[in-house]
Amino acid sequence: MNAPGIVAPLLEMRDIVKDFPGVRALNEVSFDLRPGEIHALVGENGAGKSTLMNILGGVYPHGSYGGTMYVSGEPRRFTGVRDAESAGIAVVHQELSLVRELSIAENIFLGREPHRFGIIDNEALYSRAQAVLDELQLKLEPHVPVGHLGIGQQHLVEIAKALSREARILVMDEPTAALTDPEAASLFRILEKLRARGAGVVYISHKLDEVFRLADRVTVIRDGRTVETRDTSAFDKATVIARMVGRDLTDLFPTAVRHPDDVVFEARHVTVEDPNVPGKLLVRDVSFSVRRGEVLGIAGLVGAGRSDLLMAIFGAHPGSSSGEFHLDGRAITIHSPADAIARGIGLVTEDRKRFGLLLDQIIRDNITLAQLHMAGRFLTDVDAETAASEKASKEMRVKAASVFVNAGTLSGGNQQKVVLAKWLLTNPKVLFLDEPTRGIDVGAKQEIYLLINRLAEKGLAIVLVSSELPEVLALADRILVLHEGRLTGELEHAEATAEAVMAYATGQRHAAMEALH
Amino acid sequence: MAAESFTPEPAATKRRFTADSLRAYTMLFALGLIWLYFQWMTVSDIYPYGLFLHPLNLANLLKQMSVTGVLAVGMLLVIVARQIDLSVGSVVGLAGGVAAMSQGYGLFASLAAAILIGLLIGAIQGALTAYANIPAFIVTLGGLLTWRGVILYLSKGETIPVRHPVFRSLGVALVAPVAGYALAGIAIAAIAWLTIGRHAARRRHGLSLSGAPAVALRIVGPALLIALFVYWMNLQGGVPVPVIVLLTVAVAGAFLTSSTTFGRYLYAIGSNPDAARLSGIDARKYILAAFCILGPLVGLAALLHTGRVGSASPDAGGLMELDAIAACVIGGTSLMGGRGKVSGAMLGALIMASLDNGMSLISVENATQYIIKGVVLVAAVGFDMAGRRRG
């Protein structure tokens with residue numbers, strides 16, 4: 001299978017089997033990690049990557065799975081997360097495990113604070129945290145509460161927390177999903193440094209560019225089985241994708257010819273204030289319009305105010321905001337999401353678990369929620385709802401046993417389809433999509449791209465915010481670029497290149513004035 | 001292309017359903033065990049088959065349960081929306097006391113006073129919670145003290161007897177056997193009509209249909225239960241009025257939670273307030289509404305309780321909030337919101353009432369009763385959590 005053991009593997013997981021009620025999540029998966037190696041683990045969502053790493057990290061203790069696990073050649077049976085940690089394994093999950101109220105330093109050393117007789121030694125805590133941050137070249141102040149940081153910085157703190165344990169085996173699950181390019185670049189430097197020191201890194205990512213840039217080897221798993229492990233140099237992206245999905249994905253971005261019609265929605269002079277920092281503006285005087293049948297992309301770095309812009313228009317931003325809105329040429333006011341929905345605006349939020357879904361309610365109730373409210377009746381007609389939601393989830397190709405299954409049990413891609421189904425049921429004129437493909441697998445991504453094209457063809461106006469530049473470049477008819485809350489550029493589909501967008505997004509170029517006039 | 005190669009999502013997903021029904025059956029089984037135990041323990045020369053389920057005692061048990069049950073229906077709405085009300089026991093005392101004090105203004109005024117006081121307090125506490133952003137726990141903990149203080153002040157610490165016979169009958173009277181059968185007939189007809197109507201609606205929407213035997217069973221099963229229940233109660237003179245009141249409230253509550261948009265929004269708000277808001281739902285409005293429904297139900301429970309006891313003492317209703325919350329929780333309601341059913345809360349109330357009544361029958365000491373109820377509450381929830389983790 002692999003090159004014969006020149007070096008003993010740091011980690012070997014052999015024939016791992018894990019069952020959940022009614023489903024075998026892992027079926028004889030084998031995986032190994034050598035010292036001084038970055039080993040990428042790729043696969044569609046639901047393929048079993050996270051389950052495998054949860055076994056490694058002790059989340060699923062010994063006895064709850066089959067197969068054996070060797071760390072540095074010795075068989076290990078972890079009873080819990082602590083046990084795995086003390087064996088030198090650190091896992092950085094996709095979901096943050098930080099306490100917002102505590103400072104960066106307190107978070108980094110949470111659970112293993114330096115102490116004397118049970119009293120926390122704050123001097124040691126902060127100086128050690130500073131050392132960790134310095135080593136990672138992170139310009140963060142250890143006293144700052146984590147809640148004050150942006151989401152990308154929070155991820156960096158999470159990574160610092162894992163690294164501070166001096167783990168020999170580091171698992172990173174989609175670490176760059178919320179990072180800006182410079183942040184990601186500094187993460188890559190850190191990982192390369194760790195590799196040079198002889199640590200092993202398991203790198204889980206949907207972003208194949210990163211995988212090919214970083215990894216020494218790549219293992220593909222699909223449907224709970226190991227498909228293939230190869231040296232990265234012996235792989236190419238097309239092959240990896242084909243192995244992941246079990247089919248050839250010829251063009252990830254479907255092409256569509258669109259003929260945008262009249263302007264449907266127009267926003268003028270939108271300004272949003274930061275609710276936590278009075279006087280600080282998240283969005284400054286942004287104006288744009290979107291046409292029937294048009295996909296308007298909004299690009300920008302994390303923190304550029306893209307989500308704030310959409311949330312403010314939707315009447316859902318916690319900070320105070322101002323601006324004028326026109327729908328079909330008429331001025332409208334929006335004070336709450338209910339107003340926005342009533343006017344025909346839908347918003348698929350960035351964080352679907354927090355803002356999009358009722359995780360412990362069934363799919364049907366999730367899909368019909370906004371429509372139900374719009375219809376404004378007192379009595380529900382559950383049979384009509386069941387029929388409508390079954391139809392919608394079939395159209396969206398939601399993979400679930402039935403619409404009576406809790407939304408929380410679905411994979412990311414399927415959850416996103418449920419959220420989309422919810423908004424389409426309200427018959428919107430304008431649909432805001434905020435990072436609609438974040439954290440979902442390639443197959444589901446392509447389905448969402450196809451859906452965006454189909455909806456635009458039908459005459460829906462779509463505003464698409466995405467941090468994945470290729471996505472915006474391929475799908476959008478027009479791209480607006482935000483930088484620090486300001487509109488710095490506007491590009492037509494034909495003239496939009498990654499370089500041009502990045503020039504505006506990083507503030508190197510300002511074209512807002514010319515573009516508007 | 002993407003379209004062909006879809007495999008159905010593994011059926012990991014049916015889990016919650018089976019876990020929920022498993023839970024319901026377990027609770028029914030536990031109730032069965034409790035009943036069998038007390039039945040066996042109350043066998044005597046006079047009652048060779050046991051006293052516990054004898055019509056006389058069962059009627060008594062259900063009268064006790066009706067107060068907790070009515071409170072639990074209202075409490076369920078509030079808990080499902082991720083709120084809590086700790087003040088209901090004190091409000092039972094206040095509303096019952098005021099009702100007893102205002103008997104001089106006539107029966108109607110006296111009964112209306114209790115309901116209105118409940119509504120007013122519900123509105124105040126709901127508004128403070130929903131619009132002033134004070135946590136419900138704090139608002140109603142304050143209420144627990146405040147309203148108890150108000151009734152102690154108003155009554156000057158004295159117990160007021162219930163003089164009006166109709167007021168009294170609310171808590172104890174029996175429905176004439178013939179009327180009992182008539183009500184049973186109406187209920188059975190309603191069940192048959194709704195079941196068949198539902199079947200037709202499912203056909204109209206092109207949903208999967210169950211066969212005729214299953215539909216028939218869904219009518220005949222409850223019909224037999226209702227008939228048997230009325231027969232059993234008629235053996236001791238008739239179905240108690242408070243039981244009819246409770247059943248009416250429970251059916252209304254079940255309808256509200258399962259068949260109205262209001263009910264659906266409560267689950268949505270309890271499940272994820274942010275997502276509910278972004279779907280256009282004004283959570284504050286519905287939280288206030290939930291408190292405004294709980295309030296009058298507390299007033300109603302106060303009337304049932306005062307009527308049954310025959311007098312309003314200023315410390316009446318103490319700890320009733322905990323009984324109501326316990327009934328909801330034993331019945332599978334999550335204090336984190338978004339989960340819970342009226343039927344479950346009723347089962348929970350029945351389990352609590354059975355324990356209370358049975359332990360009194362077999363002369364378990366008061367101290368021991370408290371301990372057993374406390375242990376049962378924690379055990380029921382612990383069992384539930386363990387089941388969910390396994391699931």
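**Entry 1: a glutamate**

Is Glu37(A) buried or exposed? This is a predicted model, so what follows is read from predicted coordinates. I counted 20 other C-beta atoms within 10 Å of Glu37(A). A residue is called buried when 20 or more lie within that distance, so Glu37(A) is buried.

I then looked at what surrounds this residue. Glu37(A) belongs to strand 3 of chain A, residues 37–42. Setting aside residues up to four places away in sequence, I found Glu37(A) touching Arg195(A), Gly200(A), Asp216(A) and Arg217(A). I also checked Val201(A), which is 164 residues from Glu37(A) along the chain. The C-alpha atoms of these two are separated by 6.3 Å.

**Entry 2: domains of chain A**

Next I looked up the domain assignment. For chain A it gives domain 1 as 11–245, and domain 2 in two pieces, 260–344 and 477–517. Taken over C-alpha atoms, the centres of domain 1 and domain 2 of chain A are 36 Å apart.

**Entry 3: the sheet of four strands**

I followed an open sheet of 4 strands in chain A, and its order is 14-13-16-17 with antiparallel pairing. Strand 14 and strand 17 of chain A are the edges, each pairing on one side only. From one strand to the next the twist averages 15°.

I went through the pairs one by one:

- Strand 13 (residues 263–273) and strand 16 (residues 321–327) of chain A are joined by 6 bridges. Here I noted Val272(A) with its bridge partner Ser321(A), and Ala267(A) opposite Phe325(A).
- Strand 13 and strand 14 (residues 281–291) of chain A run antiparallel and share 7 bridges. In this pair Phe265(A) stands opposite Val290(A).
- Strand 16 and strand 17 (residues 330–332) of chain A pair over 3 bridges, in the antiparallel sense. Leu327(A) faces Arg330(A) across this pair, standing opposite it.

How many residues lie between the strands in the hairpin of strand 16 and strand 17 of chain A? I found 2, and Asp328(A) takes a positive phi near 50° in this hairpin.

**Entry 4: the sheet of six strands**

A second look at chain A gave me an open sheet of 6 strands with mixed pairing, in the order 18-19-20-15-21-22. Its edge strands are strand 18 (345–348) and strand 22 (486–492) of chain A. Neighbouring strands are turned by 20° against each other on average, direction ignored. I checked one pair here: strand 21 (residues 478–483) and strand 22 of chain A are antiparallel, with 6 bridges. His483(A) has Arg486(A) as its bridge partner in strand 22 of chain A.

**Entry 5: a helix on both sheets**

**Entry 6: nonpolar cores**

I turned to the largest nonpolar core, which has 183 residues. Those with the most contacts inside it are Ile462(A), Leu464(A), Val70(B), Leu71(B) and Met75(B). Helix 2 (residues 55–80) of chain B gives the most to this core, 16 residues. A second, separate core has 71 residues, among them Ile16(A), Leu33(A), Ala178(A) and Val240(A).

**Entry 7: a helix length check**

Ser363(B) follows helix 14 of chain B, and its phi is positive, near 55°.

Conventions:
Residues are numbered from 1 along each chain as its sequence is written. Chains are lettered from A and ligands numbered from 1 in the order in which they are written. This is a predicted model: local features need pLDDT of at least 70, side-chain atom pairs count only at pLDDT 80 or more; totals for chains, interfaces and linings use all residues. A nonpolar core is a set of buried Ala, Val, Leu, Ile, Met, Phe, Trp, Tyr and Cys residues joined through C-beta atoms within 7 Å. A residue is buried if 20 or more other C-beta atoms lie within 10 Å of its own, exposed if 12 or fewer, and partly exposed in between; C-beta atoms are placed from the backbone. Two strands pair if DSSP finds at least two bridges between them. Domain bounds come from an automatic or database domain assignment. Axes are lines fitted to C-alpha atoms, for helices over the stretch in contact, and angles run from 0 to 180 degrees between N-to-C directions. Two residues are in contact if their C-beta atoms, placed from the backbone, lie within 7 Å.
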